[in-house]
Each structure stands twice: as structure tokens, then as C-alpha cells.
Amino acid sequence: MTNSYQGEVQSSDGSVTLDDDAETVFAGCTDVQVSVRLADGSSVSVTEGAFATTGGEYTVVYTALNAQGVALRGSYALSVAYTENTLYAIDMASDLGNHKQEYVSFLNEYEGEQGVIKIASDGTGADDWLWLLRGGNIPFEKEHYEGYDTLVLRVRADGAFTFRILAENQKEGDVQIELEPRTVTDTGEWQDITLDFAYFYEHWDAFVGNFMIFSENNADGAALYIASITVEKSTENAGGELFEETP
């Protein structure tokens, strides 16, 4: 089988619509089904020929029955370019990198989002220091992120979950290298929280090599879900103008 794209596909609004010769290949067939699979064999949800993605390597698989009832199969590889503001890609379990498996896990889908990190608390304090994303999937070299100043985490929570991102055992003088703590409450919806990416970028090697989330004594049953980790440029850094309100 072949697809109509040349080279890498560019994601549009966080999704890609399949454009291939399946209609010709499986003409006259019945029960034509399509699935899109990641490198680890897991599948992503496909709706009306489109699937959500921020980028990655996929295999598109079609199955069908011909007029004699014989099962047919066809497939092709599809490479989707990562959106330029992706800091950590979270597509499959291996993207978690080295992580504390007792409390950090990967979900294929959660509440409408594909590829989600779940961080659970048991209230004992054993889950306070959570390493993850060491050797994670950062799709671009450090230089690509120069000029971005805002780190954006798309999150939701069970209960209230307070945390801070830090670089384990990394200090600048006597000061721990870390970002400001944040508390995510259970609103029943996904929300975007922002952190200082300029500081993260300044201490890139420390954070990337020693990424850790410190869970601030959260209650048993509390959980944090992270659907995406991206970066943005403030209006000022993006070359726009900042306006002050007049009284």
C-alpha cells in the first residue's frame, strides 16, 4: 500500500487525516477496517480516518474480506513531524524513560487525551520523590527551544495534587535547581498550568538528566495526570507588543 504524503506528515491542529490508496486496493471488499499503531504495537484511536498526534512513527494497518471471504491485510509506515513546541513526546510507555514504576505509569487514553502520564499517591510519603522522563522522548536538540520561555503542562487531578519539578541532587551554589510548586485541583476538566521554561533551558542538562517530580505529601488516592508537556513564547518573546490597561 502507499500513502499520498511525501516525507514527513505535518500535523494539523494536533491530528492527521489518512490519505492513501486503500479505497483502490480494497475495492469490492467488505468489512474494511483501519488501525494506527505505535512502535510498541499499541493502537491509537482512529475516527473517520483521522487520529490525534503531536508527532511520531506509526504503522497504518488495513484489514478486509474479499469476495471469496478471504482475509486481506495491507500496511504502510507513516512518519508524522512533531509540532515545534513539543518538549516531551508522550506517545507510548517507553517515552516515560527511566521512572519510578510503583507510582508513575502510562495510559494509552484518559478522559479524551491520548498518551497520558499518571502519577499516583498512596499517602505514605514513599511517593514523594518520583523520577521519570530520564531518557524520555525530546524530539529536538536543545538549540531548537531557544527563545521559548513558558513551560506548559496539560493536566488534571484526582483530589488535590501539589508538586514541583526539580533536578535531583543538582544545585547552583547552595540552591536546589527546581521550578516553583504548583497545585492542581480536581475540576473535572483538563487545564494548562505554566512554569518558567527560561530557567529550565538555562539549566537544561541538570533537568533533562535528573528530571524528578516531588509530590508534596498528597493524600492517599490523589493522582496527577499529564497529557502533554510543551513550550510557548510569551507575547514579548514572540515579537508582539504588551499593552497595559489604562485606568
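User: Why is R154 called partly exposed?

Analyst: In this predicted model, R154 has a relative accessible area of 26%. Buried means under 20% and exposed means over 50%, so R154, at 26%, is partly exposed.

User: What makes the contact of R154 with D192 a salt bridge?

Analyst: The closest N and O atoms of R154 and D192 are 3.2 Å apart. The cut-off is a side-chain nitrogen of Lys or Arg within 4 Å of a carboxyl oxygen of Asp or Glu, so the pair R154 and D192, at 3.2 Å, counts as a salt bridge.

User: Why is this pair said to tie together parts of the chain?

Analyst: R154 lies in strand β12 and D192 in strand β16 (residues 191-196), so the pair ties together parts that are 38 residues apart in sequence.

User: Is D192 buried, partly exposed or exposed, and why?

Analyst: D192 has a relative accessibility of 48%. Exposed would need over 50%, so D192 counts as partly exposed.

User: What makes E113 and R154 a salt bridge?

Analyst: Their side chains meet at 3.0 Å, N to O, and the limit is 4 Å. E113 lies in strand β10 and R154 in strand β12, so this pair ties together parts that are 41 residues apart in sequence.

User: Which residues are linked in a network of salt bridges?

Analyst: The network links E113, R154 and D192. R154 forms a salt bridge with D192, and the side chain of R154 also meets that of E113 in a salt bridge. The structure holds six salt bridges.

User: How do you know that E178 and R164 form a salt bridge?

Analyst: The N to O distance between their side chains is 2.4 Å, and the cut-off is 4 Å. The pair links distant parts of the chain, with E178 in strand β14 (residues 175-178) and R164 in strand β13 (residues 161-172), 14 residues apart.

User: Why are R164 and E178 classed as they are?

Analyst: R164 has a relative accessible area of 17%; buried means under 20%, so R164 is buried. E178 has a relative accessible area of 29%, which falls between 20% and 50%, so E178 is partly exposed.

User: Why does A206 count as buried?

Analyst: A206 has 11% relative accessibility, and the buried class is under 20%, so A206 counts as buried. A206 is found in helix α3 (residues 204-209). Leaving aside its neighbours within four places in sequence, A206 is in contact with A167, Q170, I177 and F211.

User: What makes strand β18 largely enclosed by the rest of the structure?

Analyst: Eight of the 10 residues of β18 (residues 223-232) are buried, so the strand is largely enclosed.

User: How many bridges join strand β12 to β18, and how many join β10 and β8 to it?

Analyst: Nine bridges join β12 (residues 150-158) to β18, and the two run antiparallel; T150 of the β12 strand stands opposite E232 in β18. Four bridges join β10 (residues 113-120) to β18, also antiparallel, and the bridge partner of A120 in β18 is A223. Two bridges join β8 (residues 86-88) to β18, again antiparallel, with T230 as the partner of T86. Pairing needs at least two bridges, so β8, with two, pairs with β18.

User: Which residues touch the most other members of the largest nonpolar core?

Analyst: Of its 41 residues, these are L87, L151, L153, I165 and F197. Apart from that core lies another, of 18 residues, among them L38, Y58, Y62 and L78.

Definitions and conventions:
Residues are numbered from 1 along each chain as its sequence is written. This is a predicted model: local features need pLDDT of at least 70, side-chain atom pairs count only at pLDDT 80 or more; totals for chains, interfaces and linings use all residues. Side-chain values use heavy atoms; hydrogens and water are left out. Buried means under 20% relative accessible area, exposed over 50%, partly exposed in between (1.4 Å probe, protein chains only). Contact means heavy atoms within 4.5 Å. A nonpolar core is a set of buried Ala, Val, Leu, Ile, Met, Phe, Trp, Tyr and Cys residues joined through side-chain atoms within 4.5 Å.
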